[in-house]
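Please have the sequence and the coordinates open while you read.

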Amino acid sequence: MNLETEDPKQVVLQVGAVLKKLRKEKRLSLEDLSELSGVSKLTLGNIERGETNPTIGMLWKISKSLSIPLMALFSTENNVNLSRAGEGLRIVGDGNNWAIEPIFQNTNNDMEMYRAYLQPNSSYHPEKHHHNTTELATIMSGTITINVNNDSYILNQYDSISFSTDGTHSYANHTNDVVVLHIILKYGI
């Protein structure tokens with residue numbers, strides 16, 4: 001995970017502290033969580049201590065194994081939240097072709113919102129999401145091909161799509177411009 005914010009180390013430490021708290025609340029040892037998530041015990045310990053920068057894939061595996069929304073690992077407690085594009089937390093995927101900005105990081109419910117960016121002439125294949133999750137995406141700028149299971153959908157600016165993430169899905173940008181999306185994940189956990 002490549003975190004772009006004013007203080008990336010602080011975010012890594014926060015994720016580690018939240019992960020440790022959630023793991024202990026669920027009465028899981030590092031070994032238990034390792035078996036559930038497929039992430040090594042050593043790596044989980046390093047994440048909890050803020051000694052490593054986990055990938056988006058690792059964070060998805062961990063959140064799925066704990067039956068929590070991904071952004072619960074970044075949880076903050078505020079009554080009013082304001083999200084401005086390009087400010088705050090930005091998580092960049094492997095290869096720097098995909099980036100997400102959590103729009104709201106408070107996850108007291110079963111829904112998350114992201115601003116997502118897919119670089120020109122690139123694709124993104126996310127990790128499998130939680131069971132019974134619905135993904136809703138609206139294209140804010142550009143044109144994108146979204147593949148859901150074996151079907152492809154071409155979406156233009158302001159087009160929207162909703163689908164179950166129980167199967168496979170991916171995003172492909174075949175243009176020379178960055179595509180910007182708003183994505184909502186509705187968890188059925």
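This is a predicted model: local features need pLDDT of at least 70, side-chain atom pairs count only at pLDDT 80 or more; totals for chains, interfaces and linings use all residues.

Residues are numbered from 1 along each chain as its sequence is written, and side-chain values use heavy atoms, with hydrogens and water left out.

**The chain as a whole**

- The chain has four helices and eleven strands; these are DSSP runs numbered from the N terminus, with helices being H or I of at least four residues and strands E of at least two.
- Of the 189 residues in the chain, 45% are buried, where buried means under 20% relative accessible area, exposed over 50% and partly exposed in between, with a 1.4 Å probe and protein chains only.
- Among contacts between residues at least 6 apart in sequence, 67% join residues at least 24 apart; a contact means heavy atoms within 4.5 Å.

**Cavities**

- The model holds two cavities of 30 Å³ or more.
- A cavity here is a set of points, on a 1 Å grid over the protein atoms alone, where a 1.4 Å probe fits but cannot get out, and lining residues have an atom within 4 Å of a point.
- Grid points are joined across faces, edges and corners, and a volume is the space filled by probe spheres set on the points.
- The largest cavity has about 120 Å³ of space, and its lining includes Trp 60, Trp 98, Tyr 114, His 129, Glu 135 and Tyr 171.
- Helix 4 (56–66), strand 3 (98–102) and strand 11 (179–186) are the elements that give two or more residues to the lining of the largest cavity.
- By class, the lining of the largest cavity has ten nonpolar residues, one polar and one charged; Ala, Val, Leu, Ile, Met, Phe, Trp, Tyr, Cys and Pro count as nonpolar, Asp, Glu, Lys and Arg as charged, and the others, Gly among them, as polar.
- The second largest cavity, with a volume of about 30 Å³, is lined by Ile 56, Leu 59, Leu 70, Phe 74, Ile 91 and Ile 100.
- The lining of the second largest cavity has six nonpolar residues, with no polar and no charged ones.

**Salt bridges**

- Side chains of opposite charge can pair when their charged atoms come close.
- There are five salt bridges in the model, each a side-chain nitrogen of Lys or Arg within 4 Å of a carboxyl oxygen of Asp or Glu.
- Glu 48 and Arg 23 meet in a salt bridge, with N to O at 2.5 Å.
- This pair links distant parts of the chain, since Glu 48 is in helix 3 (residues 41–48) and Arg 23 in helix 1 (residues 8–25), 25 residues apart.
- Glu 48 counts as buried at 12% relative accessibility, and Arg 23 is buried at 8%.
- Arg 90 forms a salt bridge with Glu 101, the closest N and O atoms being 3.0 Å apart.
- Arg 90 lies in strand 2 (residues 90–92) and Glu 101 in strand 3, so the pair ties together parts that are eleven residues apart in sequence.
- Glu 101 also meets Arg 115 in a salt bridge, at 2.9 Å from N to O.
- Here Glu 101 in strand 3 and Arg 115 in strand 4 (residues 111–118) are 14 residues apart.
- Shared partners join Arg 90, Glu 101 and Arg 115 into one network of salt bridges.
- Arg 90 and Glu 101 are buried, and Arg 115 is buried as well.

**Two buried residues**

- Leu 73, in the loop between helix 4 and strand 2, is buried with a relative accessible area of 1%.
- Leaving aside neighbours within four places in sequence, Leu 73 is in contact with residues including Val 18, Leu 22, Leu 59 and Ile 62.
- Ile 144 is found in strand 7 (residues 144–148) and is buried, with a relative accessible area of 1%.
- The C-alpha atoms of Ile 144 and Tyr 171 are separated by 6.9 Å, although the two are 27 residues apart along the chain.

Key. On a 1 Å grid over the protein atoms alone, a cavity is a set of points where a 1.4 Å probe fits but cannot get out, and a pocket is an open set with protein on both sides within 12 Å along at least five of seven lines; lining residues have an atom within 4 Å of a point.
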